[in-house]
Amino acid sequence: MARVVLSIGSNLGDPLANLRSVVDELGPRLVAVSSVYATAPWGGVDQQDFLNATLIADDDELDCRGWLRFGQDLEQRADRVRDVRWGPRSLDVDVIDCGGVVSADPELTLPHPRAHLRAFVLVPWLEIDPDAVLTVDGSAVGVAELARSLDPAEVAGVRRTDMALAVS
């Protein structure tokens with residue numbers, strides 16, 4: 001049912017292997033995968049930098065809640081612990097956009113309510129979909145425009161690495 005944009009991140013254990021686990025699990029459903037980016041942690045908790053990437057996937061069998069469950073299952077398999085908000089994590093899988101659905105449901109708010117504020121989501125997304133659009137406050141806004149509206153230092157802090165998330 002839904003094409004989905006997922007933002008994935010990790011800064012515990014083997015972060016690159018944790019990100020690769022998502023790519024591997026998506027298999028043929030994977031439409032596009034960004035480069036791997038190193039980014040400073042967001043939210044003010046002292047911790048090591050994250051590895052982040054953005055993925056686009058498509059599966060006629062999954063609706064938006066199905067994608068949420070998919071991400072939560074992968075986080076659980078990676079031993080994700082939710083002790084500290086915005087704290088370190090083995091794996092974070094966020095549903096950013098799901099077929100353009102807009103939802104205020106507290107379990108699955110779509111699009112992701114803070115995606116438009118996060119360079120570590122927008123920069124990799126633009127790499128794989130330069131024409132991407134995100135609904136913000138009820139209006140469709142180009143992701144490129146959203147990225148330009150952020151603090152340039154934050155955007156510059158999203159650093160492309162030479163690591164890759166090869167599709168198995």
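Helices (H or I, at least four residues) and strands (E, at least two) are DSSP runs, numbered from the N terminus. Valine 23, for instance, lies in helix H1 (residues 15–26). The structure is a predicted model, in which local features need pLDDT of at least 70, side-chain atom pairs count only at pLDDT 80 or more, and totals for chains, interfaces and linings use all residues. Residues are numbered from 1 along each chain as its sequence is written, and side-chain values use heavy atoms, with hydrogens and water left out.

Burial is judged on relative accessible area: buried means under 20%, exposed over 50%, and partly exposed in between (1.4 Å probe, protein chains only). Strand E1 covers residues 2–10, and eight of these nine residues are buried, so the strand is largely enclosed by the rest of the structure. Two strands pair if DSSP finds at least two bridges between them. E1 runs antiparallel to strand E4 (residues 50–59), and nine bridges join the two. Within this pairing, arginine 3 has aspartate 58 of E4 as its bridge partner. E1 also pairs with strand E5 (residues 92–98) in the antiparallel sense, over six bridges.

Alanine 2 is another residue of strand E1, and it counts as buried at 0% relative accessibility. The C-alpha atoms of alanine 2 and cysteine 98 are separated by 6.1 Å, although the two residues are 96 residues apart along the chain. Valine 23 and alanine 57 are 34 residues apart in sequence, and their C-alpha atoms are 9.6 Å apart in space. Valine 23 is itself buried, with a relative accessible area of 1%.

**The disulfide**

A disulfide is a covalent bond between the sulfur atoms of two cysteines. It is assigned to a pair of cysteine sulfur atoms within 2.5 Å, and the count by this rule is one. The bond joins cysteine 64 to cysteine 98, with an S to S distance of 2.3 Å. The link between cysteine 64 and cysteine 98 is left-handed, with -100° about the S-S bond. Cysteine 64 lies in helix H2 (residues 64–77) and cysteine 98 in strand E5, so the pair ties together parts that are 34 residues apart in sequence.

Aromatic rings of Phe, Tyr and Trp (its six-membered ring) pair if their centres lie within 6.5 Å; planes under 30 degrees apart count as stacked, over 60 as edge-to-face and the rest as tilted. The structure holds one such aromatic pair. The ring centres of tryptophan 67 and phenylalanine 70 are 5.5 Å apart and the planes stand at 80°, so the pair is edge-to-face. Tryptophan 67 and phenylalanine 70 are three residues apart in helix H2, a separation of about one helical turn.

| Residue | Relative accessible area | Class |
|---|---|---|
| Cysteine 64 | 8% | buried |
| Cysteine 98 | 0% | buried |
| Tryptophan 67 | 0% | buried |
| Phenylalanine 70 | 11% | buried |

Helix H3 (residues 119–128) is mostly covered, with nine of its ten residues buried. Among the buried residues of H3 are Phe120, Leu122, Trp125 and Ile128.

**The second largest pocket**

On a 1 Å grid over the protein atoms alone, a pocket is an open set of points with protein on both sides within 12 Å along at least five of seven lines, and lining residues have an atom within 4 Å of a point. Grid points are joined across faces, edges and corners, and a volume is the space filled by probe spheres set on the points. The second largest pocket has a volume of about 150 Å³. It is lined by 13 residues, and the closest to its centre are Pro111, Pro113, Thr135, Val136 and Asp137.

Proline 111 lies in the loop between E5 and H3, and the peptide bond from leucine 110 to proline 111 is cis, with omega near -10°. Aspartate 137 sits in the loop between strand E6 (133–136) and strand E7 (139–142). Phi of aspartate 137 is near 50°, a positive value in a residue other than glycine. At 80% relative accessibility, aspartate 137 counts as exposed.

Technical notes: On a 1 Å grid over the protein atoms alone, a cavity is a set of points where a 1.4 Å probe fits but cannot get out, and a pocket is an open set with protein on both sides within 12 Å along at least five of seven lines; lining residues have an atom within 4 Å of a point.
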